[in-house]
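Subject: Structure handover

Hello,

Here is the structure you asked about, followed by notes on what turned up in it. Please read the notes with the model open beside you.

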Amino acid sequence: MSAVVYRPARPGEGALIARMVRQLALDIGATTVPQVTGEHVETLAFGPAPVLRLHVAEVDHEPVGCLVGEVIYSTWRGALGLYVCDLHVEAPWRGRGIGVGLLRAARAADPRLKFFKLEVTDDNEAARRFYCRQGFTVLEDERTFVLDGAAFERF
């Protein structure tokens, strides 16, 4: 295998990132289709007020994985962290350490980061095992609440 290169995504790669996020949803059998578009990614990562951190793994200049994250602040930890929105490795490249490499690249890109936070669905056992192998812990006492759609508009 050629060497894997980990790098920040570049302007113009929004459609690539959006495609990989949609592929991730298909791979895990998600019932919800991600609404992300290449334009969203471009604006949110490279626009005037960037909020997304994007990393790409490539082999021989071909993308094989990506990480989408947002810098967050935890008042409880008193530290900055990265909320990992999406981590995807193309199926033929899984099991080769590329997911770990993407996490390490994201961490190295910002030395202020002190933790990662992410969500995994209950039925995505492969992802749960992967993150546990990396030292992530499941926070059994936390639950995610979401207010969106019509309920958000009414609020």
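A salt bridge here is a side-chain nitrogen of Lys or Arg within 4 Å of a carboxyl oxygen of Asp or Glu. By that rule, the whole structure contains eight salt bridges.

Before the details, two remarks on the source. The model is predicted, so local features need pLDDT of at least 70 and side-chain atom pairs count only at pLDDT 80 or more, while totals for chains, interfaces and linings use all residues. Residues are numbered from 1 along each chain as its sequence is written, and side-chain values use heavy atoms, with hydrogens and water left out.

Salt bridges

For the accessibility labels below, buried means under 20% relative accessible area, exposed means over 50%, and partly exposed is in between (1.4 Å probe, protein chains only). Helices (H or I, at least four residues) and strands (E, at least two) are DSSP runs, numbered from the N terminus.

One of the salt bridges joins the side chains of E90 and R19, at 3.3 Å from N to O. This pair links distant parts of the chain: E90 is in the loop between β4 and α3, R19 is in helix α1 (residues 14–27), and the two are 71 residues apart. E90 counts as buried, at 15% relative accessibility, whereas R19 is partly exposed at 36%.

Another salt bridge is formed by R53 and D110, whose closest N and O atoms are 3.2 Å apart. R53 lies in strand β2 and D110 in the loop between α3 and β5, so this pair ties together parts that are 57 residues apart in sequence. R53 is partly exposed, with 32% relative accessibility; D110 is buried, with 6%.

The side chain of D110 also meets that of R112 in a salt bridge, at 2.8 Å from N to O. R112 is partly exposed, its relative accessible area being 46%.

Strands

Two strands are taken to pair if DSSP finds at least two bridges between them. Strand β2 (residues 52–59) pairs with strand β3 (residues 62–74) in the antiparallel sense, over eight bridges. Within this pairing, V56 stands opposite C66 of β3. The two strands form a hairpin with two residues between them, and D60 in the turn has a positive phi of about 50°.

β3 also pairs with strand β4 (residues 79–89), again in the antiparallel sense, over ten bridges. Here D86 in β4 is the bridge partner of V68. The hairpin of β3 and β4 has four residues between the strands, and G78 takes a positive phi near 65° in it.

On to β5 (residues 113–118), which pairs with β4 in the parallel sense over five bridges. V84 has L118 in β5 as its bridge partner. Together with helix α3 (residues 98–109), β4 and β5 make a right-handed β-α-β unit. Right-handed means that, with the strands pointing away from the viewer, the path from the first strand over the helix to the second runs clockwise.

Cysteines

How many disulfides does the structure hold? It holds zero, a disulfide being a pair of cysteine sulfur atoms within 2.5 Å. The sulfur of C85 has its closest cysteine sulfur in C66, 11 Å away, which is too far for a bond. C132 is in no disulfide either, the nearest cysteine sulfur being that of C85, 20 Å away. Both C85, at 27% relative accessibility, and C132, at 44%, count as partly exposed.

L147, F152 and F155 form a nonpolar patch on the surface, with about 380 Å² of accessible area together. Patches are made of residues with over 30% relative accessible area and no salt bridge; like charges are joined within 9 Å, and nonpolar side chains (Val, Leu, Ile, Met, Phe, Trp, Tyr) within 5 Å. The areas come from the Shrake-Rupley method with a 1.4 Å probe, and for residues only the protein chains shown count as cover. L147 sits in the loop between α4 (125–133) and α5 (149–154) and is partly exposed, at 44%.

Lastly, N124 is in the loop between β5 and α4 and counts as buried, with 16% relative accessibility. N124 and G29 are 95 residues apart in sequence, and their C-alpha atoms are 9.0 Å apart in space.

Regards
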